Amino acid sequence: MSWKPTPASADRLRAKLDDEFETVAKPEGLRRSSDARREREAAAPAVEPDTWQRSSEQRGNARSGSRIGAASGRASDRAADRTSSFEDEATAQDDGKPARKGPSLKMRAVGYLSRREHAREELARKLAAYAEDADEIESVLDALEKEGWLSTERFAQSLVHRRASRQGAARIVQELRQHGVDDTQVAELREQLRATEYDRALEVWKKRFDAKPEDRAVYAKQARFLASRGFAHDVIRRILGEGEDD
């Protein structure tokens with residue numbers, strides 16, 4: 001009696017065969033992938049350790065060279081700046097005019113005036129060491145007078161105020177003229193000083209001496225002291241009395 005498979009049994013048989021095929025096929029496929037990878041690695045050229053080391057050294061040298069190049073560039077820039085500065089100084093020396101350094105001429109003048117009053121001629125003498133020519137000084141002085149910083153008249157009044165308690169009219173007038181104060185203003189100030197000459201001379205004499213001279217030698221000593229301060233001879237005689245020999 002022959003056996004004929006039924007449709008149901010045929011389906012079960014195919015399913016069983018499929019399961020067995022998958023069980024056997026999968027490890028085989030994996031083995032084939034692994035074998036292919038090993039074949040590719042074997043076919044690739046071998047890289048020796050020295051090659052890796054040389055490559056690493058080359059990369060390091062490249063980075064180091066980049067840093068050295070940047071540092072060299074900065075050093076070159078600094079050297080160029082110094083060279084340019086030296087060239088500027090050399091050019092200034094060739095022109096016969098030193099390179100100006102520090103505050104401007106006007107700022108120097110304002111600095112002097114902020115400490116005390118100055119006459120125009122006095123301030124010009126102080127600025128001469130920092131100016132390139134006389135015209136530059138005159139321009140600065142004109143601007144300072146226009147702005148109210150500089151006033152020779154104000155300087156004269158200030159000088160009289162500072163000197164009057166210690167000096168006579170003759171000495172103060174001499175100093176005013178040395179500073180270039182106008183003759184008209186000098187004459188006015190001299191009249192003011194002469195009006196108070198005796199009182200001022202008496203105060204100076206009292207601070208230095210405690211009694212009038214008793215003999216000719218002491219008289220001469222006190223008279224010379226007052227005369228050196230610029231007080232007039234008639235004022236000195238009024239204070240010390242008539243000496244035996246003027």
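**Notes on a helical model and its charged pairs**

1. Let's start with Arg200: skipping neighbours within four places in sequence, Arg200 is in contact with Ala164, Gln167, Gly168, Ala169, Leu193 and Phe231 (contact means heavy atoms within 4.5 Å). Arg200 sits in helix 9, residues 197-208. With a relative accessible area of 11%, Arg200 is buried (buried is under 20% relative accessible area, exposed over 50%, partly exposed in between, using a 1.4 Å probe and protein chains only).

2. A quick word on what you're looking at. This is a predicted model, where local features need pLDDT of at least 70 and side-chain atom pairs count only at pLDDT 80 or more, while totals for chains, interfaces and linings use all residues. Residues are numbered from 1 along each chain as its sequence is written, and side-chain values use heavy atoms, with hydrogens and water left out.

3. Now the overall picture: the protein chain has eleven helices and zero strands (these are DSSP runs, H or I of at least four residues for helices and E of at least two for strands, numbered from the N terminus). Of the 246 residues in the protein chain, 24% are buried. Among contacts between residues at least 6 apart in sequence, 59% join residues at least 24 apart.

4. Which residue does Arg200 meet in a salt bridge? The partner is Glu197, at 2.6 Å, N to O (a salt bridge is a side-chain nitrogen of Lys or Arg within 4 Å of a carboxyl oxygen of Asp or Glu). Both lie in helix 9, three residues apart, about one turn of the helix. Glu197 is buried too, at 1% relative accessibility.

5. Next, have a look at Arg116, in the loop between helix 3 (105-115) and helix 4 (120-127). The side chain of Arg116 meets that of Glu122 in a salt bridge of 2.4 Å, N to O.

6. One more pair: Asp142 and Arg120 meet through their side chains in a salt bridge of 2.8 Å, N to O. Asp142 lies in helix 5 (residues 134-147) and Arg120 in helix 4, so this pair ties together parts that are 22 residues apart in sequence. Asp142 is partly exposed at 42% relative accessibility, while Arg120 is buried at 18%. Across the whole structure, a search finds nine salt bridges.
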